[in-house]
Each structure stands twice: as C-alpha cells, then as structure tokens.
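Grab a pencil and work through these exercises. Each one comes with a worked solution.

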Amino acid sequence: MSTVTDDRTAQVPPAFAGRRWLLPSAVADQLDPDVERRGRPRRTARDWVVDICCFLLAVLIGLAAAQTLRDDTGTPHSLAVLDQLFGVLACGAVWLRRRWPVGLAVAMIPVGLVSNTAGGAAMVAVFTLAVHRPFRYVAWIGGIQLVLAPFVFWLRPDPDLPYAGAVVFTELFTLTVIGWGMFVRSKRQLMLSLRDRARRAETEAELRAEQAQRLAREAIAREMHDVLAHRLTLLSVHAGALEFRPDAPQEEVARAAGVIRESAHEALQDLREIIGVLRAGEPDDTGRPQPTLGALDALVTESREAGMKVTLDNRVTDPAAVPASIGRTAYRIAQEALTNARKHAPGTEVTVTVTGTPGDGLLIAVHNPPPEGEVPHVPGSGQGLIGLTERATLAGGRLEHGPEGGGFRVRAWLPWG
C-alpha cells in the first residue's frame, strides 16, 4: 500500500507536486491523470484535519444535547441512556462518512427520531452527502429530515425553546448545512472542470502545432518538387542529347555541358535553401525561393535555352500588381506544365498564355500539341498535376488539365482582387 501511495504522490501534476496534502483526497485523485484507480483514495492530511473537526463537532453537539437530557426531568432515565448510546454510536460512525455517505445519511434518519445526542452526527452526514453525491440524493434524504423535524419536536419537545422556534431553527440549520455542502461540491467540480479545460486546451494547442508543422512541411515538399523537377528535367534533356548525339559539334557539346552544369548548380542551391528552412523549423517563407509572375519571362528564356520551343503570350500589363501569393502560384503552375511538356512531348512547341485583370482573376493556360513519335513512359507521372490542383485550390482558385486536340492542356484560374 505504501508503494501505491508513493507512486500517486510522484505522479501528481507539477502544479500540485508537494502540495497534495492541501487538497481533498477525492480532488487530488481526480487531478492526477496518470493514477491507476485502485479503490477508494487514501486520506490526505487535509482529510484527517477535516474528519477530526467533524468528529469533535458531533461530539460537542452530542454533549450539549446530553446535558439538556439531564436537566429534562420529563424524560425517563432509560430513554436518556438509550439516547446517549445512539449518540455515541452515531459519533463513531462519522469516521465512515467518506466511504458510505448515502448509507450513513439514511441511517441517521431513524436514529435522529430517537436520539437528540445524534443530531450533530446527523448534520455531518447530511453535509457529507451534499459534498460527495449529486443533488438528487440530497433532495430525497434532506427533504425527509426537513419533513420529520416537526414530528420529532412534537414527540420530544425542547425544554429551552418553544415548539415553533425549535422547528424553525432546526429547519434553517439543516438548509444551511445542505447549502454549504453543495457550495463545496460546486467548487470542487469547478476545479475539475478548469483542469479538464486546461488539459483540453493544451491538447488542442499541441494538435494545432503539429498540424501547422505538417502543413509547413507539405508546402516545403511541394516547393521542392516544383523547383527540382524543373532543374532535373533540364539535366535529363541535355544528358540525353549528349548520349544520342556523340558526334555533335564541339560548340553544342560545350553548350549542353554548360547548361547541365548550371542546372545542377541551381538545383543544389535551391535544395540547400529548402533544407535550410527545414532545419530551422520555421513555417514562414524566409530564405525559400519565391519567384512571382514577373519571373515568368526568365522561366521561358531558360526553357528556350534548354532547347524547348516556347511561346509566351503574357497579356498582364503590370505583373508586379498581382499579389505575391497568386503570382507565385501562377509561376509554379507554368513551371510544372513546361516540365511535363518537356518530359511527355519533347520537341513540340508549347504555348503559355497569361491573362487577367483585378476583379476578374488571373488565367494561366499551357498547351502543347501531340509529340512526334513514341515517348517513353516517365515513372511517377501525374504527381505534379495533383500538387498543382491542390496548390490552386488552396489559393482559392481551380485547375483543369487533360487531353485537347491530340495534345495536352493545363488551365488554371486564380483569384485576383
């Protein structure tokens, strides 16, 4: 048993560590989230103090009632002895109030009819019932005691008080004890509810932090895919050209090697920036490559230098007026569409069209005709389009893609204004 007590004390939350003795055992047991419930909780130091005070109060009230019996010449001696015997038993039963609050309160109803010295113990039993049990128990048992009080004083009148005064005083005292017990119970329930709310708030905060971290990592993963897929596709195209044309002129070989070197360098630089964000654990956009719609011309120029045939029709007169988040999404959509066209339709002429005005939204369309001849299947195809659809949806827009005229079209609308 001592081991269990030590474990419970050690597992009390930090807010109550070292101060468990100040709390009622029922509250301390509920406040400890890790304690394995093993029967009735053991009394704390506070419980012992309260129990001793309740016992002494019951004894003092019983002694006062016993003195009244000695002064009452109308009470037979045998009845006075029986009264005091029941009073002694009732005071001793006060120590069982925590274990059987309902049973003790019910037992005090018939005892109170025959014993005035048990009145203090009866009040303690009612108080304990109001503290440890719901109101319905208090309503029934306390109501019965209130109803029986007039009959008790009618059968055994108080020698010092008139009948009406004794009845009113007893009724008010009983109601006061019940109200006090219900007040103590409400305070304990408030403490436990605040504990539950605090624990729930901590859990929700942890879930929000985990969700924010997950969303940040997903955003970084999409960014990594968009950036590296474009660079690595350039590497693949020029490496394939060197492989299939070993007799190419020296100038073309040098140019292709330069593009490969430059693309590899830029891919490594982008990867370092993204990994730096992951290591820093910052969910913001600091240090991450963030091209906007104004960088679309550079993207097309880079694709042309890689050997693609790209036609850009940008009808947005002021790309800087487009919000950064919308421009960034538009750039990534065009980048991924050009990457897909380079992989699935090499050698075709790709058309990129960008239109839009504030209030009407921004429209990005990328179309490529069917490729000439068979194109080998590229593993992992379709993942980029799934990411683009999600990116457009998160930005409040929509994205459509599919075959058109034998080729393939990617069309996206993004809100602007």
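Two strands pair if DSSP finds at least two bridges between them. Helices (H or I, at least four residues) and strands (E, at least two) are DSSP runs, numbered from the N terminus. You're looking at a predicted model, where local features need pLDDT of at least 70, side-chain atom pairs count only at pLDDT 80 or more, and totals for chains, interfaces and linings use all residues. Residues are numbered from 1 along each chain as its sequence is written, and side-chain values use heavy atoms, with hydrogens and water left out.

**Exercise 1.** Work out which way E3 and strand E5 run, and how many bridges join them.

Solution. Start with E5 (residues 407-414): seven bridges join E3 to this strand, and the two run antiparallel. Next, pick out a facing pair: Asn368 stands opposite Phe408 in E5. Now turn to E2 (residues 349-357), which is also antiparallel to E3 and joined to E3 by seven bridges. There, Thr353 has Ala365 of E3 as its bridge partner.

**Exercise 2.** Describe the ring pair of Phe55 and Trp95.

Solution. First, Trp95 has 28% relative accessibility, so this residue counts as partly exposed. The ring centres of Phe55 and Trp95 lie 5.6 Å apart with planes at 40°, so the pair is tilted. For the cut-offs, rings of Phe, Tyr and Trp (its six-membered ring) pair with centres within 6.5 Å; planes under 30 degrees apart are stacked, over 60 edge-to-face, the rest tilted. Lastly, ring pairs link Trp48, Phe55 and Trp95 into a cluster.

How values were computed: Buried < 20%, exposed > 50% of the residue type's maximum accessible area, 1.4 Å probe, protein only.
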